[in-house]
Amino acid sequence: MSGGYCNQVAWIDLSSKSVYTKPLDGEIKERYIGGRGFITRWLMDMVPPSVQPFDPGNALIFATGPLTGTNVPTSSRIEIGAVAPETGIFSSGSAGGSFGTKLKRAGFDALVITGRSEKPVYIIVRDNHVEIKDARRYWGRDVFETDRAIKADHRDSRLSMACIGQAGENEVLITTIMIDRVRAAGRGGLGAVMGNKRLKAIAVYGSGSVPIHAPEPFWNACEIIREAAVKQFFVKRWENGTYGNLTRYQGVGALTSYNSRKTTFEYIDRISATHYNENYRVGRRACVSCPMPCWTTFVIQSGEFKGFFGEETTATTFKEMGARCGLHEMDAILKAHSDLNRYGLDTISTPAVIAFAMECYEEGVITKEDTGGLELTWGNRHAVIPLIEQIAGNKGFGAQLARGVRICAQTWGEKTMKYALHVKGLETVGTDPRGQPSWGLGYATSSRGACHMRAYANYESGINNAPGGMDEKTMIRISGTTEIGKRFSTTGKGKAGAFLEDMNAFGDSLGICKLMSRAELGLPESLVDVLNYATGADYDTEGLYRVGERISNLERIANLQRGITPADDTLPERYLHEPVPEGPAAGQVCDLEPMLNEYYETRDWDRADGYPSTHKLNELKLDRMGKDIE
Ligand code: SF4
C-alpha cells in the first residue's frame, strides 16, 4: 500500500526511557487496517491475561487509521487502548480534536507505550522525533492548566495534547484521557493507566502530510461523502448538537432519570436544547476536518457561576449530569460537567456512580455519616460539585465512588446490586434500554462493557427518514427486515447488532467519527473507494466488513481469555425485571434473550463457552487462541 500510512510506529518504554521506531508490517495493515484493529492485535500479542492493568507490562496504545489526517470528513480520530483497570478487559475508545491528525503529520501511525517511569514524564512528538521529558512541574495540575502550560513552555500553540488531570494521577478507575482539553477517550479507566505509568501528557505537532495514493479520485470521493454527511446528518440532526436528542429520548421513555427509577424527566424543559441554546450557548465547535460541528461552548450569565465559560456541551452533559442525577439547574450541570473534563473524569461513569450513590442514600444503605456530611439527595448541587472534586482527588467519600459502580455495589452489599447499572464493570450510558431495546443488546454484547458506541444502534430512532432514524432500505440491508424499526419487536435486532458492531470496528480502525460512519450513508460500500484511493489497496465491501468482523471476534477471544463468559453478556437486573413505572415506556422491561440468541446465532458463537465456531475462526483466519493463521 503506497498511501494512507506513515509506515512508522514509535515503541516507547517508560521504565528504561527508550524509544525506537519500527515500520508497520504489511500484514497487520491488510488484516486490521489501523486504529482499533491495531490496538486489539498488539494487546493480544503483547499483554497476556496474567498482566494486570497496573502492571508496567500493560501497553497504552495511541493508534491512527489510514484515513486519519486526510481530507475525509471527520478523519481526525485517534484510538486509545489498554487493559482497563475498571473492568479488567481490553478497552479502546476514539477521540476527535486534532491529535490524530497531528500525529500522522509528525510521521507516526501509532505510539505504543509500556513500562512505568519513576518520576512524572511527558512525551513530545515532532516531525519524526520522539522525546521523553520531565513532567514534575505539571504533575498535580488539571487538564486545562496542563494543556496551557506545556504549550506555553514550548512556545507552541499548535501542539495537540493528550493528557490526564488529577483523577488519572490518583489512579481513579473512572478516568479518561483528555485530548485538546475537552475531547475524551478511554472508558474503563485508561486515564488511570496513564497515571500509573507516571505519564502526564503527550504533546504532538507535525508539519508533514499524509501520502495519498491517487489524489484526484480520492478528493472527489471525499466530496461525495462530505455532501451526504452534511445533508443527511448535520442539516437534519445536529443543528441542536447531540443534546437535541434529549427530547427524543424523553418522548420514547428512554431518558435515564434518577438512576433509572424513571425513564422520563419532569424537568426536561429546563435541560432541553431550546433552553440551553437560548440562554447559554455562545458558539459551536468541530474537530479538525469535520463539517458537522456537534459540540458547543457556553457562558453562564447569572447566579453562583456567573461569567463561567465552558466548552464541549453534548447530550452526555444533560443526560448524565442532569436527568440521571435528578439535577435540573442548568448552571450547576454545566459547571459540574466542565469539572469532569478539568479533572479528566469519565463524563458517563462519574455521574452514573453519583446517581447510584444517591439511590443508595435514599434507600438508607449509606447515610450522611458515610458521605462525610454530604446530603446526597437527588439533584443536590451542593453535594454533586464537591463530590466530583473528592472523586478526582481519591479522597473522603469520593474515594469509594472513584472505584466505579461495580466495586461500590460489591462493598455496600447485596441490596445495592439492583441499583448498580453496569455491564462487565462498565457503567451504562443514560439511555434506558427498556425504552430503547437495541441499546440494551448493545450494552450486553459490547466488548468493553456497557458501551453504546460499539453498536451505536439508531434504527429504532424513527422510520421513514425521521430525523435521526434509519431508512427502510438500510434496515433491510443490515438485518433483512424492517421489523427492527419497531421499538418493542425483537426480530432482526441480533443480526443488526452484529452488523453494526463490525461496521463500527472497521470505522474505528479507519480513523473516522461514528457520527459519520453510518450504515445510512451506504457503509461499508461508500468507504471502499476512499480507502482504496488513499492507500492503493483493493478492498471490496465484503473484505472491509470482514476486517470489522475479525476485530470483533478477536476482542471476544481476548475477553474470554480474561475470564468473561456468556453469562456476562447480560444487563443489570433493573432493565431486565423492573417494569418502567410511568411514561411512554410504562410497563416495559428489556426483552434481551431473543435478541441475544439471534446475535449469537449470527455471530456463530457457542452459547455455552462463548467461543466463535471453528468454521467462523477459519473464515476470519484466526485460531482459538486469537492468533493469525494463513
Ligand atoms: S461529528 Fe462531532 S465528534 Fe465527530 S468529528 Fe465532527 S465535531 Fe468531532
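Me: Two residues are in contact if their C-beta atoms, placed from the backbone, lie within 7 Å. Leaving aside neighbours within four places in sequence, which residues is Tyr443 in contact with?

Reply: This is a predicted model, in which local features need pLDDT of at least 70, side-chain atom pairs count only at pLDDT 80 or more, and totals for chains, interfaces and linings use all residues. Residues are numbered from 1 along each chain as its sequence is written. Tyr443 is found in helix H16 (residues 437–445); helices (H or I, at least four residues) and strands (E, at least two) are DSSP runs, numbered from the N terminus. Leaving aside neighbours within four places in sequence, Tyr443 is in contact with Val423, Thr428, Pro433, Ala450 and Leu571.

Me: Is Tyr443 buried or exposed?

Reply: A residue is buried if 20 or more other C-beta atoms lie within 10 Å of its own, exposed if 12 or fewer, and partly exposed in between, with C-beta atoms placed from the backbone. Tyr443 has 31 other C-beta atoms within 10 Å, and therefore it is buried.

Me: How is H18 oriented to H20: roughly parallel or roughly perpendicular?

Reply: Axes are lines fitted to C-alpha atoms, for helices over the stretch in contact, and angles run from 0 to 180 degrees between N-to-C directions. Helix H18 (residues 493–510) and H20 pack at about 95°, with axes 7 Å apart. Angles under 35 degrees count as roughly parallel, over 145 as roughly antiparallel, 65 to 115 as roughly perpendicular and the rest as oblique. H18 is therefore, relative to H20, roughly perpendicular.

Me: How do the residues of the contact of H18 with H20 divide by class?

Reply: H18 contributes Glu501, Asp502, Met503, Ala505, Phe506 and Ser509, and H20 contributes Leu544, Tyr545, Val547, Gly548, Glu549, Ile551 and Ser552. Ala, Val, Leu, Ile, Met, Phe, Trp, Tyr, Cys and Pro count as nonpolar, Asp, Glu, Lys and Arg as charged, and the others, Gly among them, as polar. The division is seven nonpolar, three polar and three charged.

Me: How far apart are the axes of helix H11 and helix H13?

Reply: In H11, Ala332, Lys335, Ala336, Asp339, Leu340 and Tyr343 meet Arg381, Val384, Ile385, Ile388 and Ala392 in H13. By class, this contact has eight nonpolar, no polar and three charged residues. H11 (residues 330–343) and H13 (residues 381–393) pack at about 0°, and their axes are apart by 10 Å.

Me: Which elements do the buried residues of H10 pack against?

Reply: Eight of the eight residues of helix H10 (residues 315–322) are buried, so H10 is largely enclosed by the rest of the structure. The buried residues of H10 pack against helix H8 (246–251), S15, H11 and helix H12 (349–362).

Me: In S8, what is the bridge partner of Arg126?

Reply: Strand S7 (residues 121–126) and strand S8 (residues 129–134) pair in the antiparallel sense over six bridges. S7 and S8 form a hairpin with two residues between them, and Asn128 in the turn has a positive phi of about 65°. The partner of Arg126 in S8 is His129.

Me: Which residues are around the ligand?

Reply: A residue is near a molecule or strand if its C-beta atom, placed from the backbone, lies within 6 Å of it. By class, the shell has eight nonpolar, two polar and no charged residues. The residues around the ligand are Thr74, Gly96, Ala286, Cys287, Cys290, Met292, Pro293, Cys294, Cys513 and Leu515.

Conventions: Pairing = 2+ DSSP bridges.
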